[in-house]
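Grab a pencil and work through these exercises with the model open beside you. Try each task before you read its solution.

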Amino acid sequence: MLSFILTVKRFLEALIKAFKEPIFLSLFTTLFFILLSGTLFYTKKEGWDVLDAIYFCVVSLIPTGVETNLYPATDFGKVFTMIYLVVGTGVMFITLLTLGKTMINAEALEEKRKKLRSKTKK
């Protein structure tokens, strides 16, 4: 449990630092609008609940293999889903990659600071 809490803490710190980078802010905004458009589409055209639509939109863009038991019933919904997945998966991947890079850079910077502190104390 402690390791999970520490991981969440590092994740949130990296997220705050990532939002200071213009490229991440742009990616995150694009991803937000992709998720919003998918959610609106599935609630209006497929008749899903809002939570089901958000869940499907997020889980389908992250390659986890989680079974949602939600499928578009209309032909238009199927076509939309194909386009949604092609566009959204790339944006989600780049956003997560940028966030991961920020986490790694933040940890490396902290290690350098610790080494400098220990050298200056000696």
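This is a predicted model: local features need pLDDT of at least 70, side-chain atom pairs count only at pLDDT 80 or more; totals for chains, interfaces and linings use all residues.

Residues are numbered from 1 along each chain as its sequence is written, and side-chain values use heavy atoms, with hydrogens and water left out.

**Exercise 1. A salt bridge**

Task: Find which residue the side chain of Lys9 meets in a salt bridge.

Solution: 
- Step 1. Start with the rule: a salt bridge is a side-chain nitrogen of Lys or Arg within 4 Å of a carboxyl oxygen of Asp or Glu.
- Step 2. Lys9 pairs with Glu13, at 2.9 Å from N to O. By this rule the count comes to one salt bridge.
- Step 3. Now place the pair. Because Glu13 and Lys9 are four residues apart in helix α1, about one helical turn separates them. Helices here are DSSP runs (H or I, at least four residues), numbered from the N terminus.

**Exercise 2. Buried or exposed?**

Task: Sort Gly88, Glu13, Lys9 and Asn69 by how accessible they are.

Solution: 
- Step 1. Learn the classes: buried means under 20% relative accessible area, exposed means over 50%, and partly exposed is in between (1.4 Å probe, protein chains only).
- Step 2. Gly88 has a relative accessible area of 0%, so this residue is buried. Its place is in helix α4.
- Step 3. Glu13, at 38%, is partly exposed, and Lys9, at 46%, is partly exposed too.
- Step 4. Asn69 reaches 59% and therefore counts as exposed.

**Exercise 3. A loop residue**

Task: Describe where Asn69 lies and what its phi is.

Solution: 
- Step 1. Asn69 sits in the loop between α3 (50-61) and α4.
- Step 2. Its phi is positive, about 60°, although Asn69 is not a glycine.
- Step 3. Thr64 is also found in the loop between α3 and α4. At 49% relative accessible area, Thr64 is partly exposed.

**Exercise 4. The nonpolar patch**

Task: State which residues form the nonpolar patch on the surface.

Solution: 
- Step 1. Patch residues have over 30% relative accessible area and no salt bridge; like charges are joined within 9 Å, and nonpolar side chains (Val, Leu, Ile, Met, Phe, Trp, Tyr) within 5 Å.
- Step 2. The members are Phe19, Leu25, Phe28, Phe32, Phe33, Leu36 and Leu40, with about 620 Å² of accessible area together. Such areas come from the Shrake-Rupley method with a 1.4 Å probe, and for residues only the protein chains shown count as cover.
- Step 3. Take one member: Phe28 lies in helix α2 (residues 22-44). At 36% relative accessibility, Phe28 counts as partly exposed.

**Exercise 5. The largest pocket**

Task: Work out which elements give two or more residues to the lining of the largest pocket.

Solution: 
- Step 1. A pocket is an open set of points on a 1 Å grid over the protein atoms alone where a 1.4 Å probe fits, with protein on both sides within 12 Å along at least five of seven lines; lining residues have an atom within 4 Å of a point.
- Step 2. The largest pocket has a volume of about 260 Å³, the space filled by probe spheres set on the points.
- Step 3. Of its 13 lining residues, Arg10, Glu13, Ala106, Glu107 and Glu110 are the closest to the centre.
- Step 4. The elements asked for are α1 (2-18) and α4 (75-121). The largest share, eight residues, comes from α4.
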